[in-house]
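Here's a quick briefing to read with the model open beside you. Take a look at the picture, then work through the points below.

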Amino acid sequence: VYLASCARNPAFTFSLFTGADIANICNEAALHAARLNKKTVDKGNFEYAVERVIAGNNELPLQCDTPVS
């Protein structure tokens with residue numbers, strides 16, 4: 001991963017990210033690249049990761065079959 005190219009990305013220039021956020025973004029970008037069978041992590045993987053980490057998981061929530069009373 002070439003972090004210098006990521007540093008030029010406007011999404012990473014904000015100082016609002018904590019160290020944990022950056023670690024989560026890097027991990028999510030690597031996982032996304034692996035899911036796509038890529039050997040390298042590119043800008044598109046990081047853009048996906050930023051959206052996923054900051055906006056949250058886009059999967060549907062689990063539903064309970066038993067009604068809550």
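Which residues does Glu 28 touch, not counting residues up to four places away in sequence? They are Arg 35, Tyr 48, Ala 49, Arg 52 and Val 53, where contact means heavy atoms within 4.5 Å. Before going further, keep in mind that this is a predicted model, in which local features need pLDDT of at least 70 and side-chain atom pairs count only at pLDDT 80 or more, while totals for chains, interfaces and linings use all residues. Residues are numbered from 1 along each chain as its sequence is written, and side-chain values use heavy atoms, with hydrogens and water left out.

**The whole protein**

- The secondary structure comes to four helices and zero strands; helices (H or I, at least four residues) and strands (E, at least two) are DSSP runs, numbered from the N terminus.
- Read along the sequence, that gives you the pattern α-α-α-α.
- Of the 69 residues in the protein, 19% are buried. Here, buried means under 20% relative accessible area, exposed means over 50%, and partly exposed is in between (1.4 Å probe, protein chains only).
- Take the contacts in the protein with a separation of 6 or more: 39% of them are between residues 24 or more positions apart.

**Helix H3**

- Helix H3 runs over residues 19–35, and its 17 residues should span 24 Å at 1.5 Å a residue. The expected span is 1.5 Å times one less than the number of residues. The end C-alpha atoms of H3 are 24 Å apart, which agrees.
- H3 has these buried residues: Ile 25, Glu 28, Ala 29, His 32 and Ala 33. They cover an arc of only 135 degrees around the axis, so they sit on the same side of H3. That arc is the one made by the directions from the helix axis to the C-beta atoms.
- Over on the other side of H3, Gly 19 and Arg 35 are exposed.
- Glu 28, the residue from the opening question, is found in H3, and it counts as buried because its relative accessibility is 13%.

**The loop after H3**

- Asn 37 follows H3 and has its place in the loop between H3 and helix H4 (43–55).
- What is phi of Asn 37 near? The value is near 60 degrees, which is positive in a residue other than glycine.
- Most residues other than glycine have a negative phi.
- Asn 37 is also exposed, with a relative accessible area of 71%.

**Helix H4**

- H4 has 13 residues and reaches 18 Å from its first C-alpha to its last, close to the 18 Å expected at 1.5 Å a residue.
- Its buried residues are Asn 45, Phe 46, Ala 49 and Val 50. They cover an arc of only 135 degrees around the axis, so these residues share the same side of H4.
- Glu 51 and Ala 55 are exposed, on the face of H4 turned away from its buried side.
- At the start of H4, a side-chain oxygen of Asp 42 reaches to within 3.2 Å of the backbone nitrogen of Gly 44.
- After H4 comes Gly 56, whose phi is positive, near 100 degrees.

**Salt bridges**

- Side chains of opposite charge can pair when their charged atoms come close.
- How many salt bridges does the structure hold? There are three, and each is a side-chain nitrogen of Lys or Arg within 4 Å of a carboxyl oxygen of Asp or Glu.
- One joins the side chains of Arg 35 and Glu 28 (3.5 Å, N to O).
- Another joins the side chains of Lys 38 and Asp 42 (2.8 Å, N to O). Lys 38 counts as partly exposed at 36% relative accessibility, and Asp 42 counts as partly exposed at 32%.
- Lys 43 and Glu 47 also meet through their side chains in a salt bridge (4.0 Å, N to O). Being four residues apart in H4, Lys 43 and Glu 47 are separated by about one helical turn. Lys 43 counts as exposed at 56% relative accessibility, whereas Glu 47 is partly exposed at 38%.

Notes
Polar contact = N/O pair within 3.5 Å; in protein donor to acceptor, adjacent residues only side chain to side chain.
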